[in-house]
Amino acid sequence: MSRSIILMFDSFGIGGAADADRFGDAGADTLGHIVQWFAAKREKGEDLPPFALPHLARLGLGRAHALSTGKPLVPSIGEDEPPAGAYTCASEKSTGKDTLSGHWELCGYPVMFDWGYFPDVPHCFPRELIDGLIRRGGLPGVLGEKHASGTVIIQELGEEHCRTGKPIVYTSADSVLQIAAHERYFGLDRLYSLCETAFELVRPYRIARVIARPFIGEKAGAFTRTGNRHDYAVAAPEPTLLDAVTKHGGAVYAVGKIADIFAHRGITKAYHATGLDALFDATLEALGEAPDGSLVFTNFVDFDSSYGHRRDVRGYGEGLMLLDRRLPELRKYARPDDLFLITADHGCDPTWKGTDHTREHVPMLFFGDGVRPGPLAPMATYGDAGQIMARHLGLTLTRGTAQEVWKK
C-alpha cells in the first residue's frame, strides 16, 4: 500500500450514456465532439494546433471512448500501443448530472434523491427567500434573480451593483444559488457572510450549493471573476471515501474545490489554486507532502466552469492538451505503489445546446508502476472505481465492486 491519487477532470465526458435521452442529451460527447471540432477547423485552414493527447491515449482514453460509444475516435488522439494503464468507461447511477452527485458517487454514495432547482423564469427565486436574504444581509435589494451565465451577468449588472450595493443573485441549470459581488465595492468577507446566510435559507428547497462569485474591474466589459470563489455545499448524508481514509488514520489532501464539494469533512489539508497549471502545481505539492496511506484528490474545475459551460471548444481542447503535456511530471513525485485515477464527474459537451452539464459516460483510467495495463469491464457506477481506490488503501466502501487493476 502506498497512496491513492484521483485527478478529476471536471465535466470530461466520453459520450454514450444509456439514459442520456432522459436528460435531453442523447448524442452528447464531450471528447468526441472536441476531436471533431479541431479536425474540422484545421481542415478549413484555421490556425489551430493538431489536437493530440499522446499520454492520455497511452493510458487508454481513446479505447475507453470506444467502449462508451461503440466506435473509434476519428481522428485519433495519439498512439495507444502498448497501453500504459487499465481503462474503461463508467455510467452514473445518481439521479442527476451535477457536481456533488458525481463526486459523492465516486466516493461511495450515489445520490438517489432529487435535488431542488429554481425554474428558468424571471424572478426565479421564491419571494420569501429573497426577502430573507435582504433582511438578514442588511441589503438595499438584489439584482438578477434569474438563470444566467456568471461571466455574462457581471457585465450586464456589474456597474449597477457597484453603484447601488445590491449583490447579483442568480442560478443555472444546476442545483445552486450563486451570488456575485465586487471584491472592493462590496467586500469579500461580506460576500462570504451573505453566502453563509443564503446557505441557511436554501435548505428547505433542497439546493445542493451556494457559490460566492467575487469579481473585480471598474466598468462593463472589464469585470472579471477572481480565484476567491467559495462553495457552500451540503454534506454527504453518509460517510465517503474521504471519511474512511481519515477514520482509519490516513490523510486526505484536497486540491481545488474538493474541500468545498465535501463540505470540508474528511479533509486533512486543502490546497487552493486558480487555473489548470496552478492546480497541477498544487497537486505536485500535495504529492510531495502526502505520506503512505494518503488520498490525494484534485478537481480541475476549469474544464467545467471556464470551457464547458461557456461552450468554449478551443479552450477545452487546449486545456486538455496542457494537462496531457504535464502528466509525465507526476513520475518525479510518484512512489512505486501509488495508484492514480483520471476520471470525471459528468459531461459538459462544449458543442451542445444550452450551457448545462451533459449526461455521459466518464473515463476511468488507472495507472501507476504496479498497474496491469489493458481493458476493464465497463462500470455500472462511478463507485466501482472508488472501491478500487479504497481497496488500494486497505479500506472497503459500503458500495461499489472492485475489479483487479494491480499486477499479481
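Helix α1 (residues 30-43) and helix α12 (residues 313-326) have axes that come within 10 Å of each other and cross at roughly 105 degrees. Please keep in mind that this is a predicted model.

**Where α1 meets α12**

- Angles of 65 to 115 degrees count as roughly perpendicular, and α1 and α12 are therefore roughly perpendicular to each other.
- On the α1 side, the residues that take part are T30, I34, W37 and F38.
- Their partners in α12 are V313, R314, Y316, G317, E318, L320 and M321.
- Sorted by class, the residues of this contact between α1 and α12 comprise 7 nonpolar, 2 polar and 2 charged.

- Is L330 buried or exposed? With a relative accessible area of 3%, L330 is buried, because anything under 20% counts as buried.
- Setting aside neighbours within four places in sequence, L330 is in contact with L7, F280, L284, L287, F340 and F367.
- One of these partners, F280, is 50 residues from L330 in sequence, yet the two C-alpha atoms are 9.5 Å apart in space.

**The largest pocket**

- Which helices and strands each supply at least two residues of the lining? They are the helices α6 (150-164) and α11 (302-308), together with the strands β6 (209-216), β7 (224-225) and β8 (230-233).
- By class, the pocket lining divides into 13 polar, 8 charged and 7 nonpolar residues.

**The largest cavity**

- How many cavities of 30 Å³ or more does a search of the whole structure find? The search finds 1.
- The residues lining the largest cavity are D98, T99, L100, D174, S175, A208 and R209.
- This cavity lining consists of 3 charged, 2 polar and 2 nonpolar residues.

Definitions and conventions: Residues are numbered from 1 along each chain as its sequence is written. This is a predicted model: local features need pLDDT of at least 70, side-chain atom pairs count only at pLDDT 80 or more; totals for chains, interfaces and linings use all residues. Side-chain values use heavy atoms; hydrogens and water are left out. Buried means under 20% relative accessible area, exposed over 50%, partly exposed in between (1.4 Å probe, protein chains only). Contact means heavy atoms within 4.5 Å. Axes are lines fitted to C-alpha atoms, for helices over the stretch in contact, and angles run from 0 to 180 degrees between N-to-C directions. Helices (H or I, at least four residues) and strands (E, at least two) are DSSP runs, numbered from the N terminus. Angles under 35 degrees count as roughly parallel, over 145 as roughly antiparallel, 65 to 115 as roughly perpendicular and the rest as oblique. Ala, Val, Leu, Ile, Met, Phe, Trp, Tyr, Cys and Pro count as nonpolar, Asp, Glu, Lys and Arg as charged, and the others, Gly among them, as polar. On a 1 Å grid over the protein atoms alone, a cavity is a set of points where a 1.4 Å probe fits but cannot get out, and a pocket is an open set with protein on both sides within 12 Å along at least five of seven lines; lining residues have an atom within 4 Å of a point. Grid points are joined across faces, edges and corners, and a volume is the space filled by probe spheres set on the points.
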